[in-house]
Amino acid sequence: MADSEIDRNETEPTVVRTTSSTALFFIVGGLCALGVLSILFGDFTLRGLAAAGIPLAVGTLVFVCYRHPRVELHRQQLILVNPLQTVTIPWNLVDGFETHFGLSVRTHEKKFASWPLAGKGKKWEKDEHGMRRLVENPSPAVDTVLERYSSLSDAELANPGGQRVIETRWNIGIIAMGLLAIVWALFGFAALPR
């Protein structure tokens, strides 16, 4: 499971995202935090505050693009949390999955792509004769979603009266945070000495 971060809990939904995105966020976030602190300690003026927006924007955008996106596996629904939108899909409306370029959920309405879960991909392996062949590279995160779907019970798939529908909503807070960080970084670049 080195390629995925899967939080399994009996009471909470299962949260799935890749380990590489989490590692990238913590490494870049730590470096950006050091950058912000060094700028603030070195130049605690308005110019320094503006310049601190540059590493802060990098850290914020890495959070928006790599840490915030996830797939949540609930008892009766699947939630795709992407940087711009969150899509809630009841399990009974899922027609299938595509995993070629990344996890996509097919429904009767349309296909919804999952930002955080990349496709399985390919890797080179030697066979028993020493020949190198291109083979499927499994993705534990994608496999977790597929296993959950295949193990659903009738109660989880039930939708009496068609009450549950696909819901899409914009992630206004995340979008605003990303835009604010970009604006602050632009002020930072403008404040840098020429």
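What follows is a walk through a predicted model of one protein, from its overall make-up down to single residues.

A few ground rules come first. Residues are numbered from 1 along each chain as its sequence is written, and side-chain values use heavy atoms, with hydrogens and water left out. Since this is a predicted model, local features need pLDDT of at least 70 and side-chain atom pairs count only at pLDDT 80 or more, while totals for chains, interfaces and linings use all residues.

The protein averages a pLDDT of 82 (pLDDT being the predictor's confidence in each residue, from 0 to 100), and 88% of the residues score at least 70. Confidence is lowest in strand S1 (residues 4-7), with a mean of 53, and highest in strand S11 (residues 167-170), at 94. Where pLDDT is low, the predicted coordinates should not be read in detail.

Of the 194 residues, 41% count as buried. Here buried means under 20% relative accessible area, exposed means over 50%, and partly exposed is in between (1.4 Å probe, protein chains only). As for contacts (heavy atoms within 4.5 Å), 53% of those between residues at least 6 apart in sequence join residues at least 24 apart.

Strand S2 (residues 14-18) has five of its five residues buried, so it is largely enclosed by the rest of the structure. Both of its faces are covered, with Thr14, Val16 and Thr18 buried on one side and Val15 and Arg17 buried on the other. S2 pairs with strand S3 (residues 70-73) in the antiparallel sense over three bridges; two strands are said to pair if DSSP finds at least two bridges between them. Within this pairing, Val15 has Glu72 of S3 as its bridge partner.

Glu72 itself counts as buried, at 12% relative accessibility. Its side chain makes a polar contact of 2.8 Å with the side chain of Arg70. A polar contact is a pair of N or O atoms within 3.5 Å; within protein, one must be able to donate a hydrogen and the other to accept it, and residues adjacent in sequence count only if both atoms are side-chain atoms. Leaving aside neighbours within four places in sequence, Glu72 is also in contact with Thr14 and Val15, along with Gln77, Leu78, Ile79 and Val81.

Another buried residue is Thr86, at 3% relative accessibility, and its place is in strand S5 (residues 85-90). The side chains of Thr86 and Asn171 are joined by a polar contact of 2.7 Å. Not counting residues up to four places away in sequence, Thr86 touches Ile79, Leu80 and Val81, and also Glu167, Thr168, Arg169 and Asn171.

Turning to the helices, H3 (residues 53-67) has 15 residues and reaches 19 Å from its first C-alpha to its last. That is close to the 21 Å expected at 1.5 Å a residue, where the expected span is 1.5 Å times one less than the number of residues. Its buried residues include Ile54, Pro55, Ala57 and Arg67. Gly53, also in H3, is buried at 0% relative accessibility. Gly53 and Leu180 are 127 residues apart in sequence but 9.6 Å apart in space, C-alpha to C-alpha. With neighbours within four places in sequence set aside, Gly53 is in contact with Ala181, Trp184 and Ala185.

Finally, the charged pairs. The count comes to four salt bridges, each being a side-chain nitrogen of Lys or Arg within 4 Å of a carboxyl oxygen of Asp or Glu. One of them links Arg47 and Asp43, with the closest N and O atoms 3.2 Å apart; Arg47 is partly exposed, at a relative accessible area of 44%. Glu98, partly exposed at 31%, meets Arg106 in a salt bridge of 3.9 Å, N to O. Arg106 is partly exposed too, at 32%. The side chains of Glu98 and Lys111 also meet in a salt bridge, at 3.0 Å. Lys111 lies in strand S8 (residues 111-118) and Glu98 in strand S6 (residues 94-98), so this pair ties together parts that are 13 residues apart in sequence. Lys111 is partly exposed, with a relative accessible area of 44%. Through shared partners, the salt bridges join Glu98, Arg106 and Lys111 into one network.

How values were computed:
Helix = DSSP H or I, 4+ residues; strand = E, 2+ residues; numbered from the N terminus.
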